[in-house]
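Please have a look at the sequence and the model first, and then we can go through the details together.

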Amino acid sequence: YCRKHGDCLVPYRFEADPSLGFWVMTQRNRRDELHSERIARLDSIGFLWDSHDHQWEDMFAKLEEYHQCHGDCLVPTNYQEDPSLGMWVSTQRKKRD
């Protein structure tokens, strides 16, 4: 998966191999129980232990690009150029309150 897709972000519901998605989720959830050798092997291929953190960083990078182009972070919720950015910014605002 990593060689083909360029990352180790296997979706939980990976249609091509559902057991792989489940296995990846299990490794993330049981990291504290894994032997250090297995953790090292996963780390060596760029395994991401926190997929949510990775997604947050990706969206933040998009927000930085928006800020550079527009001079603000006032992304509309229904932002046509990138609807996921508009929804993400809206979610961040709600979480702040």
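This is a predicted model: local features need pLDDT of at least 70, side-chain atom pairs count only at pLDDT 80 or more; totals for chains, interfaces and linings use all residues.

**The core and its surroundings**

Let me begin with Phe47, which, if we set aside its neighbours within four places in sequence, is in contact with Cys8, Val24, Gln27, Arg28 and Leu42, where contact means heavy atoms within 4.5 Å. Phe47 also belongs to the largest nonpolar core, which has nine residues in all, namely Cys8, Val10, Phe14, Val24, Leu34, Ile39, Leu42, Phe47 and Trp49. By a nonpolar core I mean a set of buried Ala, Val, Leu, Ile, Met, Phe, Trp, Tyr and Cys residues joined through side-chain atoms within 4.5 Å; buried means under 20% relative accessible area, exposed means over 50%, and partly exposed lies in between, with a 1.4 Å probe and protein chains only. There is a second, separate core of eight residues, and Met59, Tyr66, Leu85 and Val89 are among them. As background, nonpolar side chains in soluble globular proteins tend to be buried together.

Residues are numbered from 1 along each chain as its sequence is written, and side-chain values use heavy atoms, with hydrogens and water left out.

The pLDDT, which is the predictor's confidence in each residue on a scale from 0 to 100, averages 93 over the protein, and 99% of the residues score at least 70. Confidence is lowest in helix α1 (residues 2-5), at a mean of 89, and highest in helix α3 (residues 36-44), at 96; helices here are DSSP runs (H or I, at least four residues), numbered from the N terminus.

Now to the cysteines. How many disulfides are there? The count comes to one disulfide, taking a disulfide as a pair of cysteine sulfur atoms within 2.5 Å. Cys2 is joined to Cys8, with a distance of 2.2 Å from S to S, and the link of Cys2 and Cys8 is right-handed, with 125° about the S-S bond. Cys2 counts as partly exposed because its relative accessibility is 24%, whereas Cys8, at 2%, counts as buried. Cys69, by contrast, is in no disulfide, and the nearest cysteine sulfur, that of Cys73, is 12 Å away. Cys69 is exposed, since its relative accessible area is 66%, and Cys73 is partly exposed at 34%.

Turning to the helices, the twelve residues of α2 (residues 18-29) should span 16 Å at 1.5 Å a residue, and the end C-alpha atoms of α2 are 17 Å apart, which agrees; the expected span is 1.5 Å times one less than the number of residues. In α2, the buried residues are Gly21, Val24, Thr26, Gln27 and Arg28, and these buried residues pack against α3 and α4. For α5, the 14 residues should span 20 Å, and the end C-alpha atoms are 20 Å apart, so the two agree. Leu85, Gly86, Trp88, Val89 and Ser90 are the buried residues of α5, and what covers them includes α4.

Trp56, in helix α4, is partly exposed, with a relative accessible area of 35%. Leaving aside neighbours within four places in sequence, Trp56 is in contact with Trp88 and Gln92, and a polar contact of 3.1 Å joins the side chains of Trp56 and Gln92. A polar contact is a pair of N or O atoms within 3.5 Å; within protein, one must be able to donate a hydrogen and the other to accept it, and residues adjacent in sequence count only if both atoms are side-chain atoms.

Arg31 lies in the loop between α2 and α3 and is partly exposed, at 33% relative accessible area. Not counting residues up to four places away in sequence, Arg31 touches Ile39, Asp43 and Trp49. The C-alpha atoms of Arg31 and Trp49 are separated by 8.2 Å, although the two residues are 18 residues apart along the chain.

Notes
Helices (H or I, at least four residues) and strands (E, at least two) are DSSP runs, numbered from the N terminus.
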